[in-house]
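Work through the following exercises with the sequence and the 3D view side by side. Try each task before reading its solution.

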Amino acid sequence: MTHFFLYSAVVLTIIIAIPLIRVVKGPTVYDRFVGANAIATKTMVLICLIGFLFGRIDMFVDITLAYAVLGFIGILAVAKYLTSRRSDSE
Amino acid sequence: MIWVQNILSILLICMGIFFMLVGSIGILRLPDFYSRTHAVSMSDALGISSVMLGLMVHEGFTQNSLKLLLIILFVALSNPIGSHALSRAAFIKKLKPLLTAEKQKDEE
(Lines give C-alpha, C1' and ligand atoms only; values in the text may rest on other atoms or scores of the structure.)
Protein backbone atom coordinates (compact mmCIF):
# COMPACT_ATOMS: atom_id res chain seq x y z
CA MET A 1 0.00 0.00 0.00
CA THR A 2 2.98 2.31 0.61
CA HIS A 3 4.14 1.71 -2.97
CA PHE A 4 0.70 2.68 -4.26
CA PHE A 5 0.78 5.95 -2.29
CA LEU A 6 4.28 6.68 -3.63
CA TYR A 7 3.29 6.10 -7.27
CA SER A 8 0.06 8.11 -6.98
CA ALA A 9 2.02 10.99 -5.41
CA VAL A 10 4.44 10.94 -8.39
CA VAL A 11 1.54 10.94 -10.90
CA LEU A 12 -0.14 13.76 -8.97
CA THR A 13 3.06 15.82 -9.13
CA ILE A 14 3.03 15.51 -12.94
CA ILE A 15 -0.67 16.54 -12.97
CA ILE A 16 0.10 19.58 -10.80
CA ALA A 17 2.84 20.67 -13.25
CA ILE A 18 0.35 20.92 -16.17
CA PRO A 19 -1.53 24.15 -15.10
CA LEU A 20 1.85 25.86 -14.62
CA ILE A 21 1.96 26.19 -18.44
CA ARG A 22 -1.30 28.18 -18.27
CA VAL A 23 0.12 30.34 -15.47
CA VAL A 24 3.19 31.17 -17.57
CA LYS A 25 1.52 31.88 -20.93
CA GLY A 26 -2.02 32.92 -19.97
CA PRO A 27 -3.40 35.71 -22.18
CA THR A 28 -5.11 37.62 -19.35
CA VAL A 29 -4.45 37.94 -15.62
CA TYR A 30 -7.61 35.91 -14.86
CA ASP A 31 -6.22 32.87 -16.67
CA ARG A 32 -3.10 33.02 -14.55
CA PHE A 33 -5.13 33.11 -11.33
CA VAL A 34 -7.30 30.19 -12.44
CA GLY A 35 -4.12 28.17 -12.99
CA ALA A 36 -2.74 29.21 -9.59
CA ASN A 37 -6.03 28.23 -7.90
CA ALA A 38 -5.94 24.82 -9.59
CA ILE A 39 -2.37 24.25 -8.37
CA ALA A 40 -3.30 25.32 -4.81
CA THR A 41 -6.27 22.95 -4.57
CA LYS A 42 -4.41 19.95 -5.99
CA THR A 43 -1.48 20.49 -3.58
CA MET A 44 -3.79 19.64 -0.64
CA VAL A 45 -4.19 16.09 -1.94
CA LEU A 46 -0.40 15.82 -2.40
CA ILE A 47 0.19 16.87 1.23
CA CYS A 48 -2.28 14.21 2.47
CA LEU A 49 -0.60 11.50 0.34
CA ILE A 50 2.84 12.50 1.70
CA GLY A 51 1.41 12.23 5.23
CA PHE A 52 0.26 8.65 4.60
CA LEU A 53 3.64 7.91 3.00
CA PHE A 54 5.57 9.09 6.06
CA GLY A 55 3.11 7.51 8.53
CA ARG A 56 2.45 10.88 10.24
CA ILE A 57 -1.09 11.59 9.01
CA ASP A 58 -2.04 13.08 12.43
CA MET A 59 0.34 15.97 11.77
CA PHE A 60 -0.14 16.38 8.02
CA VAL A 61 -3.94 16.54 8.07
CA ASP A 62 -3.79 19.72 10.19
CA ILE A 63 -1.34 21.23 7.70
CA THR A 64 -3.81 20.36 4.93
CA LEU A 65 -6.69 22.12 6.72
CA ALA A 66 -4.61 25.27 7.26
CA TYR A 67 -3.45 25.20 3.62
CA ALA A 68 -7.05 24.89 2.38
CA VAL A 69 -8.18 27.90 4.42
CA LEU A 70 -5.18 29.99 3.28
CA GLY A 71 -5.76 29.19 -0.41
CA PHE A 72 -9.46 30.07 -0.13
CA ILE A 73 -8.76 33.42 1.57
CA GLY A 74 -6.05 34.16 -1.00
CA ILE A 75 -8.25 33.61 -4.03
CA LEU A 76 -11.09 35.66 -2.47
CA ALA A 77 -8.68 38.54 -1.78
CA VAL A 78 -7.40 38.43 -5.37
CA ALA A 79 -10.97 38.46 -6.77
CA LYS A 80 -11.92 41.37 -4.48
CA TYR A 81 -8.85 43.34 -5.60
CA LEU A 82 -9.53 42.71 -9.29
CA THR A 83 -13.09 44.06 -8.97
CA SER A 84 -12.01 47.16 -7.05
CA ARG A 85 -11.64 50.53 -8.74
CA ARG A 86 -7.98 50.76 -7.79
CA SER A 87 -6.95 48.16 -10.40
CA ASP A 88 -8.44 50.15 -13.31
CA SER A 89 -5.19 51.80 -14.27
CA GLU A 90 -3.53 48.67 -15.68
CA MET B 1 -11.48 -8.04 5.42
CA ILE B 2 -8.35 -5.91 4.89
CA TRP B 3 -8.28 -6.60 1.15
CA VAL B 4 -11.80 -5.20 0.63
CA GLN B 5 -10.64 -2.00 2.32
CA ASN B 6 -7.48 -1.85 0.17
CA ILE B 7 -9.30 -2.49 -3.13
CA LEU B 8 -11.98 0.14 -2.37
CA SER B 9 -9.33 2.69 -1.39
CA ILE B 10 -7.26 2.05 -4.54
CA LEU B 11 -10.35 2.36 -6.78
CA LEU B 12 -11.43 5.67 -5.20
CA ILE B 13 -7.92 7.19 -5.36
CA CYS B 14 -7.47 6.15 -9.02
CA MET B 15 -10.87 7.66 -9.89
CA GLY B 16 -9.96 10.95 -8.19
CA ILE B 17 -6.59 11.15 -9.93
CA PHE B 18 -8.32 10.52 -13.28
CA PHE B 19 -10.75 13.40 -12.69
CA MET B 20 -7.91 15.73 -11.70
CA LEU B 21 -6.03 14.75 -14.88
CA VAL B 22 -9.12 15.61 -16.95
CA GLY B 23 -9.33 19.01 -15.23
CA SER B 24 -5.65 19.74 -15.93
CA ILE B 25 -5.99 18.84 -19.61
CA GLY B 26 -9.10 21.04 -19.76
CA ILE B 27 -7.30 24.07 -18.31
CA LEU B 28 -4.58 23.62 -20.92
CA ARG B 29 -6.70 22.89 -24.01
CA LEU B 30 -9.94 24.90 -23.77
CA PRO B 31 -9.98 28.17 -25.75
CA ASP B 32 -11.67 30.66 -23.41
CA PHE B 33 -11.37 31.93 -19.84
CA TYR B 34 -14.93 31.03 -18.86
CA SER B 35 -14.69 27.51 -20.25
CA ARG B 36 -11.37 27.02 -18.44
CA THR B 37 -13.02 28.03 -15.15
CA HIS B 38 -15.90 25.66 -15.89
CA ALA B 39 -13.51 22.77 -16.54
CA VAL B 40 -11.26 23.22 -13.53
CA SER B 41 -13.76 23.99 -10.77
CA MET B 42 -16.10 21.01 -11.01
CA SER B 43 -13.61 18.30 -11.89
CA ASP B 44 -11.22 19.45 -9.16
CA ALA B 45 -13.94 19.38 -6.48
CA LEU B 46 -14.99 15.85 -7.48
CA GLY B 47 -11.40 14.60 -7.72
CA ILE B 48 -10.31 15.96 -4.34
CA SER B 49 -13.46 14.61 -2.66
CA SER B 50 -12.88 11.19 -4.20
CA VAL B 51 -9.22 10.94 -3.16
CA MET B 52 -10.02 12.08 0.39
CA LEU B 53 -12.82 9.47 0.57
CA GLY B 54 -10.34 6.79 -0.48
CA LEU B 55 -7.91 7.92 2.23
CA MET B 56 -10.79 7.81 4.77
CA VAL B 57 -11.56 4.23 3.76
CA HIS B 58 -7.89 3.33 4.22
CA GLU B 59 -7.71 5.07 7.61
CA GLY B 60 -10.82 3.59 9.25
CA PHE B 61 -12.85 5.08 12.09
CA THR B 62 -10.35 7.39 13.78
CA GLN B 63 -10.04 11.09 14.57
CA ASN B 64 -7.92 11.71 11.45
CA SER B 65 -10.73 10.26 9.34
CA LEU B 66 -13.09 12.88 10.81
CA LYS B 67 -10.59 15.61 9.87
CA LEU B 68 -10.44 14.25 6.31
CA LEU B 69 -14.26 14.47 6.23
CA LEU B 70 -13.96 18.11 7.32
CA ILE B 71 -11.54 18.71 4.43
CA ILE B 72 -14.08 17.20 2.00
CA LEU B 73 -16.84 19.48 3.33
CA PHE B 74 -14.58 22.56 3.16
CA VAL B 75 -13.48 21.82 -0.43
CA ALA B 76 -17.07 21.21 -1.53
CA LEU B 77 -18.00 24.62 -0.11
CA SER B 78 -14.95 26.73 -0.96
CA ASN B 79 -13.91 25.59 -4.46
CA PRO B 80 -17.15 26.72 -6.25
CA ILE B 81 -17.13 29.98 -4.23
CA GLY B 82 -13.56 30.80 -5.31
CA SER B 83 -14.19 30.01 -8.97
CA HIS B 84 -17.41 32.02 -8.95
CA ALA B 85 -15.69 35.03 -7.36
CA LEU B 86 -12.89 34.97 -9.94
CA SER B 87 -15.21 34.66 -12.96
CA ARG B 88 -17.47 37.37 -11.48
CA ALA B 89 -14.42 39.65 -11.27
CA ALA B 90 -13.68 38.93 -14.94
CA PHE B 91 -17.32 39.60 -15.88
CA ILE B 92 -17.43 42.93 -14.02
CA LYS B 93 -14.20 44.01 -15.74
CA LYS B 94 -15.95 43.23 -19.08
CA LEU B 95 -13.76 40.36 -20.30
CA LYS B 96 -15.51 39.16 -23.46
CA PRO B 97 -16.42 35.49 -23.91
CA LEU B 98 -15.11 33.85 -27.08
CA LEU B 99 -18.34 33.71 -29.08
CA THR B 100 -19.10 37.43 -28.76
CA ALA B 101 -15.80 38.45 -30.38
CA GLU B 102 -17.01 37.86 -33.95
CA LYS B 103 -20.21 39.81 -33.35
CA GLN B 104 -18.23 42.76 -32.03
CA LYS B 105 -15.93 42.64 -35.08
CA ASP B 106 -18.95 42.73 -37.40
CA GLU B 107 -20.35 45.79 -35.64
CA GLU B 108 -17.08 47.64 -36.14
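**Exercise 1. Find the helix that holds Pro19(A), then decide whether this residue is buried or exposed.**

Solution. Pro19(A) sits in helix H2 of chain A. Helices here are DSSP runs of H or I with at least four residues, strands are runs of E with at least two, and both are numbered from the N terminus. Before going on, note that this is a predicted model: local features need pLDDT of at least 70, side-chain atom pairs count only at pLDDT 80 or more, and totals for chains, interfaces and linings use all residues. Residues are numbered from 1 along each chain as its sequence is written, while chains are lettered from A and ligands numbered from 1 in the order in which they are written.

Next, count neighbours. Pro19(A) has 27 C-beta neighbours inside 10 Å, so it counts as buried. The cut-offs: buried means 20 or more other C-beta atoms within 10 Å of the residue's own, exposed means 12 or fewer, and partly exposed lies in between, with C-beta atoms placed from the backbone.

Now list the contacts (C-beta atoms, placed from the backbone, within 7 Å). Leaving out residues up to four places away in sequence, Pro19(A) touches Gly35(A), Ala38(A) and Ile39(A), plus Ser24(B) and Ile27(B).

Finally, take a distance. Ala68(A) is 49 residues from Pro19(A) along the chain, and their C-alpha atoms are 18 Å apart.

**Exercise 2. How many residues of each chain are in contact across the A–B pair, and which helix of chain A gives the most?**

Solution. Contacts join 36 residues of chain A to 36 residues of chain B. On chain A, helices H1 (2-17), H2 (19-25), H3 (29-54) and H4 (57-83) each supply at least two residues of this side. H3(A) gives the most, with 13 residues. Sort the side of chain A by class: 25 nonpolar, seven polar and four charged residues. Here Ala, Val, Leu, Ile, Met, Phe, Trp, Tyr, Cys and Pro count as nonpolar, Asp, Glu, Lys and Arg as charged, and the others, Gly among them, as polar.

**Exercise 3. What is the order of elements in chain B, and how do H2(B) and H3(B) run relative to each other?**

Solution. Chain B has four helices and zero strands. From the N terminus the order is α-α-α-α. The C-alpha trace of chain B spans about 70 × 25 × 10 Å along its principal axes. Of its 108 residues, 37% count as buried.

Then compare two helices. The axes of H2 (residues 33-59) and H3 (residues 63-92) of chain B come within 9 Å and cross at roughly 175°. H2(B) and H3(B) are therefore roughly antiparallel (an angle over 145 degrees). Their contact has 17 nonpolar, eight polar and two charged residues.

**Exercise 4. Which residues does Cys48(A) touch, not counting residues up to four places away in sequence?**

Solution. Cys48(A) touches Phe60(A), Val61(A) and Thr64(A), along with Met52(B) and Leu55(B).

Key: Contact = placed C-beta atoms within 7 Å. Axes fitted to C-alpha atoms, helices over the stretch in contact; angles between N-to-C directions. Parallel < 35°, antiparallel > 145°, perpendicular 65-115°, else oblique.
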